[in-house]
Amino acid sequence: MRIRPRHALAMSTAIALGAAALSPTGAAAAVPAAASASVSAPRTAAVPAATAFVMPLAAKTYTVSAWQGPRCMPMPGASTSHGGVDLATKSGSPIYAVAAGVVTATVSGSSSVNGYIDVTHTVGKVTYSTRYMHIWSATTHVKVGQVVAAGQRISSVGMSGNSTGPHLHLELWERSAGGSKQLDPVPWLKARGVDLAKQASAIAAKAAPSTCTYYTTGAVNLRAGASTATAVVANLAAGTMVTAVPGKVSNSFLPVTAGTRSGWIANWLLTPTRPVVTTPKPTPTATPKPTPTVPPKPAPTAPPKPAPVPAGSSSSAITYKTTTALNLRPTASTSKAALLRIPKGKNVGLFLASSGSWRKVTYGGKTGWVHKDYLTSVKATAAAPKPATYTTTTALNLRPTASTSKKALLRIPKGKSVGQVLASSGAWRKVTYAGKTGWVHSAYLTKR
């Protein structure tokens with residue numbers, strides 16, 4: 001039986017925290033509580049059986065902006081494989097638990113930290129966890145150890161961490177004593193009567209292409225392997241175009257092709273956005289453009305602008321402003337009366353959609369269409385910060401999974417650099433040391 005979130009029970013039971021804690025990976029971890037960003041649910045809290053499944057957001061109030069799976073890197077340093085489904089909607093929209101369960105982690109977000117809530121569920125004899133990401137405050141509606149019902153509100157939509165706009169990033173994990181396996185939440189929920197695609201107001205997500213196009217963010221070394229310790233194949237100038245296969249990555253390096261040469265480049269040194277080509281400004285005597293009442297056809301030789309990234313995805317995007325006073329139309333044509341007139345030099349934010357030479361934008365609380373010939377991109381005011389790197393605060397085991405259930409790959413000495421965090425799972429962090437990639441506990445890492 002499906003329950004709409006607005007009709008679901010909102011009752012929750014607060015449970016006292018016990019001494020034995022269940023980590024998000026399903027394995028016990030003896031770690032000082034003050035050192036962990038999230039606290040695990042006590043074993044004394046029985047996970048209720050999940051028998052009803054509901055929507056995480058109200059139906060027809062969101063756009064599917066990104067599917068799970070391999071993808072083109074949306075911004076420097078991003079992953080090449082999306083770990084969940086993105087549902088773009090208004091900031092502050094209610095988020096609901098998709099099934100009955102126990103809250104096992106709460107991490108509040110910031111502009112640089114992805115906030116999230118984990119809820120553990122029992123479906124038959126299998127344990128699953130759903131993760132609700134990009135929230136700001138994780139404890140406004142629930143706390144760790146609390147039992148929640150299907151459809152109960154647990155948080156509000158935000159845009160913490162890497163995000164172009166407010167949206168819910170929903171992940172699904174299957175937990176077992178041997179570790180965790182990530183699943184696609186869309187087919188899993190559809191098999192249980194919750195169709196995220198059908199209940200969306202629009203689908204902006206696209207399937208990953210066979211290859212991705214990137215540009216170097218500066219002068220970059222093309223290397224023979226996935227490490228700065230390998231030989232330099234070539235020196236590439238800033239803005240050099242390279243191609244890569246979605247989903248392929250090693251040690252945060254992408255295997256790329258630049259012309260006839262192949263090699264590896266660190267993901268934070270590549271961007272999907274073509275560098276802006278500066279054109280000379282017209283002289284004062286130049287004939288001014290006609291008013292945009294009837295937009296002229298674009299010149300056949302004009303290069304197309306890059307396709308816009310859907311708002312509300314885990315990525316970066318370009319914002320735009322008007323170059324003249326401009327009508328905001330209800331449709332992608334001049335056949336209907338304007339909704340309003342946008343003054344010259346006003347910011348209209350991100351492109352929400354495209355139709356020929358028209359772009360869908362928002363201004364003054366209204367959403368409509370404007371002609372692209374009267375928009376210009378807004379230059380970023382600051383470069384993206386370089387990802388943080390970490391060192392160990394004590395001798396530390398590098399594990400093959402995010403738990404202590406398997407034998408360590410090696411032991412990292414105290415004070416050694418493990419580079420950037422490649423992924424997170426609860427209090428565990430995926431890092432690389434001495435050529436091996438594995439998991440360490442965040443309580444024993446510090447920023448360099």
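Trainee: Is the link of Cys72 and Cys212 left-handed or right-handed?
Mentor: The Cys72–Cys212 link is left-handed, with -90 degrees about the S-S bond.

Trainee: What should I keep in mind about the model itself?
Mentor: It is a predicted model, in which local features need pLDDT of at least 70 and side-chain atom pairs count only at pLDDT 80 or more, whereas totals for chains, interfaces and linings use all residues. Residues are numbered from 1 along each chain as its sequence is written, and side-chain values use heavy atoms, with hydrogens and water left out.

Trainee: How far apart are the sulfur atoms of Cys72 and Cys212, and how many disulfides does the structure hold?
Mentor: The two sulfur atoms are 2.1 Å apart, and the structure holds one disulfide.

Trainee: Are Cys72 and Cys212 buried or exposed?
Mentor: Cys212 counts as buried, at 1% relative accessibility. Cys72 counts as partly exposed, at 26%. The cut-offs are under 20% relative accessible area for buried and over 50% for exposed, with partly exposed in between (1.4 Å probe, protein chains only).

Trainee: Let us step back to the whole chain. How many helices and strands has it?
Mentor: The chain has one helix and 38 strands. Of its 448 residues, 43% count as buried.

Trainee: What is the accessible surface of the chain?
Mentor: About 22000 Å², of which 57% belongs to carbon and sulfur atoms. The areas come from the Shrake-Rupley method with a 1.4 Å probe, and for residues only the protein chains shown count as cover.

Trainee: And what share of contacts joins residues at least 24 apart?
Mentor: Among contacts between residues at least 6 apart in sequence, the share is 65%. Contact means heavy atoms within 4.5 Å.

Trainee: Now strand pairing. Which strands does β3 bridge to?
Mentor: Three bridges join β3 to strand β6 (residues 85-88), and these two run antiparallel. Two bridges join β3 to strand β15 (residues 202-203), this time in parallel. Two strands pair if DSSP finds at least two bridges between them.

Trainee: Which residues stand opposite Thr63 and Val64?
Mentor: Thr63 stands opposite Ala88 in β6, and Val64 opposite Ile203 in β15.

Trainee: In what order do β34, β31 and β38 come in their sheet?
Mentor: The order is β34-β31-β38, in an open sheet with antiparallel pairing. Because β34 (417-419) and β38 (445-447) stand at the edges, each with a single partner strand, one side of each is left without a neighbour in the sheet. The twist averages 35 degrees from one strand to the next; axes are lines fitted to C-alpha atoms (for helices over the stretch in contact), and angles run from 0 to 180 degrees between N-to-C directions.

Trainee: What is the bridge partner of Tyr390 in β34?
Mentor: The partner is Gly419. Two bridges join strand β31 (residues 390-392) to β34.

Trainee: Turning to Asn327, is it buried or exposed, and what does it touch?
Mentor: Asn327, in strand β24 (residues 326-328), counts as buried at 14% relative accessibility. Leaving out residues up to four places away in sequence, Asn327 touches Ala338, Leu340, Arg341, Trp369 and Val370. With Arg341 there is a side-chain polar contact of 2.8 Å. A polar contact is a pair of N or O atoms within 3.5 Å; within protein, one must be able to donate a hydrogen and the other to accept it, and residues adjacent in sequence count only if both atoms are side-chain atoms.

Trainee: Where is Ala238 found, and is it buried or exposed?
Mentor: Ala238 is in the loop between β18 (232-236) and β19 (241-244), and is exposed with a relative accessible area of 55%. Its contacts beyond four places in sequence are Thr216, Gly218 and Ala219. Ala238 and Ala219 are 4.7 Å apart, C-alpha to C-alpha, although 19 residues separate them in sequence.

Trainee: Lastly, what are the phi values of Lys60 and Ala434?
Mentor: Most residues other than glycine have a negative phi. Lys60, however, has a positive phi of about 65 degrees, and Ala434 one of about 55 degrees. Lys60 is in the loop between β2 (41-42) and β3 (63-66). Ala434 lies in the loop between β36 (428-433) and β37 (436-441) and is exposed, at 59% relative accessible area.

Notes: Helices (H or I, at least four residues) and strands (E, at least two) are DSSP runs, numbered from the N terminus. A disulfide is a pair of cysteine sulfur atoms within 2.5 Å.
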